[in-house]
Amino acid sequence: MKKFNIIDALIILAVLAVGAGAVWFFTTAADTEDGYVYFVVEMRQAMPTVPAQISAAVGGEIRDSVRNYLLGQIVDVRHQPAYGVTFDNTTATFNNVPVPERYDVFITIRGRGTFSPSQILTEGQPVRVGMEKFLRGRGFAAIGVVVEVTPMPN
């Protein structure tokens, strides 16, 4: 009768790893859908000329300014007066006050996407709410935070 040794344990471990990898691969591939991903990037407290510069680029492509990969196409730009939180020493309260001559700009981007329950990719790159994006389009460059992600299946 043969004794159980370390080689037998390694073989069993390797078989289990291959089985687990196959299960993971085939279940994630089955849950994946293709379509478009719409996501909104917010730029806080932009200069007054920025909304017009970005609006001029609607319909054009937008790229990541650090790695130069494509993010998609700008489909909408909207802006509103910027607000900031300040502390009032006399009343000991925090107040939401307007920031003079500054705007919060919201850029809606549409890209080809792949999405599953665990992640959303647009043009092959991950996109999540709260993720910082470095943007470059025709006539502007910006830094913003993703505030909304909407996957649209085909």
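Modeller: A residue is called buried under 20% relative accessible area, exposed over 50%, and partly exposed in between (1.4 Å probe, protein chains only). This is a predicted model, in which local features need pLDDT of at least 70 and side-chain atom pairs count only at pLDDT 80 or more, whereas totals for chains, interfaces and linings use all residues. Residues are numbered from 1 along each chain as its sequence is written, and side-chain values use heavy atoms, with hydrogens and water left out.

Biologist: Is Ala92 buried or exposed?

Modeller: Ala92 is found in the loop between β3 (70-88) and β4; helices (H or I, at least four residues) and strands (E, at least two) are DSSP runs, numbered from the N terminus. Its relative accessible area is 53%, so Ala92 is classed as exposed.

Biologist: What is the phi of Ala92 in the hairpin of β3 and β4?

Modeller: The two strands of this hairpin have 4 residues between them. Ala92 is a residue other than glycine, yet its phi is positive. The value is near 55°.

Biologist: In what order do helices and strands follow one another along the sequence?

Modeller: The chain holds 2 helices and 8 strands. Read along the sequence, the pattern is α-β-α-β-β-β-β-β-β-β.

Biologist: Why is the chain described as more spread out than a compact globule?

Modeller: The C-alpha atoms fill a box of roughly 85 × 45 × 25 Å along the principal axes. The globule rule (2.2 Å times the number of residues to the power 0.38) is compared with a radius of gyration taken over C-alpha atoms. For 154 residues the rule gives 15 Å, and the chain is more spread out than a compact globule because its radius of gyration is well over that, at 24 Å.

Biologist: What percentage of the 154 residues in the chain is buried?

Modeller: The chain exposes about 10,000 Å², and carbon and sulfur atoms supply 60% of that area; accessible areas come from the Shrake-Rupley method with a 1.4 Å probe, and for residues only the protein chains shown count as cover. Of the 154 residues, the buried share is 28%.

Biologist: Which residues are linked in a network of salt bridges?

Modeller: A salt bridge is a side-chain nitrogen of Lys or Arg within 4 Å of a carboxyl oxygen of Asp or Glu, and a search of the whole structure finds 3 of them. The side chain of Arg44 meets that of Glu42 at 3.3 Å, N to O, and that of Asp104 at 3.4 Å, N to O. The latter pair links distant parts of the chain, from strand β1 (residues 33-46) to strand β4 (residues 93-115), 60 residues apart. The network therefore consists of Glu42, Arg44 and Asp104.

Biologist: What relative accessible area does Asp104 have?

Modeller: Arg44 counts as partly exposed at 49% relative accessibility, whereas Glu42 is buried at 14%. Asp104 is also buried, and its relative accessible area is 3%.

Biologist: Which residue in β3 is the bridge partner of Glu61?

Modeller: Strand β2 (residues 61-64) pairs with β3 in the antiparallel sense over 3 bridges; two strands pair if DSSP finds at least two bridges between them. The side chain of Glu61 also meets that of Arg63 in a salt bridge (3.0 Å, N to O). Glu61 is partly exposed at 47%, as is Arg63 at 23%. The bridge partner of Glu61 in β3 is Gln73.

Biologist: Which residue in β4 stands opposite Gln73?

Modeller: Strands β3 and β4 run antiparallel and are joined by 14 bridges. Opposite Gln73 stands Arg110.

Biologist: What phi does Asn68 have in the turn?

Modeller: β2 and β3 form a hairpin with 5 residues between them. Asn68 lies in the turn, and its phi is positive, at about 65°.

Biologist: How much accessible area do Ile6, Ile7, Leu10, Ile11, Leu13 and Val15 have together?

Modeller: Patches are made of residues with over 30% relative accessible area and no salt bridge, like charges being joined within 9 Å and nonpolar side chains (Val, Leu, Ile, Met, Phe, Trp, Tyr) within 5 Å. One of the residues named, Leu10, lies in helix α1 (residues 6-31). These residues form a nonpolar patch on the surface, and their accessible area together is about 620 Å².
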